[in-house]
Structure formats: C-alpha cells, structure tokens
Amino acid sequence: ACSSSTVRHTGAGALSPCPLVLERGTMNALKFFQAIFQGCRGWAVLCTFPGGRYNRSSGPTGMYWFRYPGQSGDMMAMDLKHKRDDLYVVPTLYSSNRSRRAVNAKVGACIYADADDCNPAKFRVPPTLVVETSPDRYQAYGVPRTDDPQVREATPEQLSASGRRIARAHAEDGCDPSGWDRGQLLRLPGTTNNKPSLDVPWSVQ
C-alpha cells in the first residue's frame with residue numbers, strides 16, 4: 001500500500017508567518033491548481049515520463065497543454081488518469097503551448113522551491129502550502145497576498161528570483177539550490193512517486 005503524503009495549507013495566508021503544524025490532509029488537483037495559479041490566465045502544462053515512471057536520463061517526453069482556467073476540468077481528469085504515475089506540473093502559466101522555456105513564461109502567482117529534505121519548518125518565512133512528495137522530502141509554495149499590488153503584478157522573473165533566494169538561503173538545510181526556475185517540474189498531488197529508491201510507491205496527496 002502507498003503511504004499517504006501531507007499537504008499543509010493556510011487558506012488565504014500569504015508570505016507572512018503562518019502555522020506549519022496543521023492537520024494532516026489531502027488537497028485534490030483542482031484546489032491545488034487554484035492555489036498556485038490564483039486568478040491568473042494562460043497555458044498550463046502537465047508532464048509525464050516514458051511509461052509513467054520518472055527517469056533522470058530520459059527527461060519528460062510527454063507535455064500536455066491546457067488553457068487555464070478554462071480547461072482546469074481536463075487537467076483534473078488527467079491527474080485522475082495518471083494517479084499511479086509520476087506526473088508533474090510547472091507552477092507558471094505560459095503565453096503559448098509551444099514551449100515551457102523561460103522566454104515563453106507569461107505569469108505566475110506563487111513563489112516555489114523544491115525543498116527536498118529541508119523541512120519547511122526551517123524556512124525563515126513559513127510557506128503557504130507544503131507538499132510531501134516522499135518520506136521527509138518536500139515542495140514549498142508561497143502565495144503572496146493578492147491585495148498587495150506590488151506582489152500581485154509580479155512577473156515570473158521576479159517570482160523565480162524570490163524562489164532562488166529562498167533555495168540558496170536554505171541550501172545547507174537540504175533545499176535544492178536549483179529548484180526554483182520558471183520551467184521547474186514539481187509533483188502534482190493525487191499522483192504517485194515511483195522512484196526506485198523508495199521501498200514502496202509514495203502517494204503525493
């Protein structure tokens with residue numbers, strides 16, 4: 001059986017101190033998309049690996065594009081279809097469905113970091129949302145307050161720069177120093193981590 005992962009969410013909280021010790025629970029894909037994209041519009045992309053299994057040497061070979069938020073239901077359906085696979089999302093929306101390169105990035109609504117084995121409790125600024133992608137390994141998201149015009153109008157470049165500062169500040173704690181770029185692949189709740197290093201698959205819920 002798969003172990004259950006943890007999603008900690010502070011609701012309308014933002015990049016301000018918020019409790020990290022929250023009740024264990026799950027977040028479905030639709031709520032997750034709403035949390036990381038907020039009211040933004042653009043092209044979203046979900047990515048898969050050959051055979052639905054992560055492979056460092058091959059990279060993602062399937063890129064599936066959706067207009068967000070109009071096709072969020074189709075994104076939810078893909079999440080359900082691939083719940084036993086390694087499925088990834090890029091927490092940035094793009095101008096077109098041609099490429100997930102940084103030059104195509106249109107808008108972002110959250111700051112993110114691949115925290116790896118850095119427990120988010122160590123973060124100097126507590127994140128808004130935390131996903132446990134495998135035992136004691138995490139992804140962290142910060143959703144800025146939407147009533148702050150400077151943050152609300154932040155570009156993908158500004159958001160990724162903030163993510164870079166967070167990642168580097170916590171690199172010695174185990175945070176991936178490269179897990180902040182605009183094309184970063186992050187695991188999607190409702191899917192499975194099938195890395196060979198795990199004793200059993202891990203449910204990213």
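**Salt bridges, strands and cysteines in a predicted model**

E157 comes out as partly exposed, with a relative accessibility of 43% (partly exposed sits between buried, under 20% relative accessible area, and exposed, over 50%, using a 1.4 Å probe and protein chains only). The model is a predicted one, where local features need pLDDT of at least 70 and side-chain atom pairs count only at pLDDT 80 or more, while totals for chains, interfaces and linings use all residues. Residues are numbered from 1 along each chain as its sequence is written, and side-chain values use heavy atoms, with hydrogens and water left out.

E157 has a salt-bridge partner in R182, with 3.3 Å between the closest N and O atoms. E157 belongs to helix α4 (residues 156–169) and R182 to the loop between α4 and β11 (186–187), so the bridge ties together parts 25 residues apart in sequence. Helices here are DSSP runs of H or I with at least four residues, strands are runs of E with at least two, and both are numbered from the N terminus. The salt-bridge count is four, where a salt bridge means a side-chain nitrogen of Lys or Arg within 4 Å of a carboxyl oxygen of Asp or Glu.

Another of these pairs is R53 with D85, whose closest N and O atoms are 3.0 Å apart. This one links distant parts of the chain, 32 residues apart: R53 is in the loop between β3 and β4, and D85 is in the loop between α2 and β5. R53 is partly exposed at 37% relative accessibility, whereas D85 is buried at 17%.

R137 and D116 also form a salt bridge, with the closest N and O atoms 3.2 Å apart. Here strand β10 supplies R137 and strand β8 supplies D116, 21 residues apart. R137 has a relative accessible area of 33%, so R137 counts as partly exposed. The two strands are themselves partners: β8 and β10 (residues 137–142) run antiparallel and are joined by four bridges (strands pair if DSSP finds at least two bridges between them). In that pairing, D116 sits opposite Y138 of β10. Strand β8 (residues 111–116) is largely enclosed by the rest of the structure, because five of its six residues are buried.

The loop between β8 and β9 (129–134) holds T128, which is buried at a relative accessible area of 1%. A polar atom of the T128 side chain lies 3.0 Å from the backbone nitrogen of V143.

Turning to helix α2 (residues 72–81), the buried residues include S72, M75, M78 and D79. Viewed down the axis of α2, its buried residues fall within an arc of 115°, so they line one face of the helix; the arc is that of the directions from the helix axis to the C-beta atoms. They pack against α1 (29–37), β3 (42–48), β4 (62–68), β5 (87–89) and β12 (191–193), with contact meaning heavy atoms within 4.5 Å. Exposed L80 and K81 are on the face of α2 turned away from its buried side.

As for cysteines, the whole structure turns up zero disulfides, a disulfide being a pair of cysteine sulfur atoms within 2.5 Å. The sulfur of C110 is 9.0 Å from the closest cysteine sulfur, that of C40, which is too far for a bond. C118 is in no disulfide either, with the nearest cysteine sulfur, in C175, 5.5 Å away. Both C110, at 1% relative accessibility, and C118, at 0%, count as buried.

How values were computed:
Polar contact = N/O pair within 3.5 Å; in protein donor to acceptor, adjacent residues only side chain to side chain.
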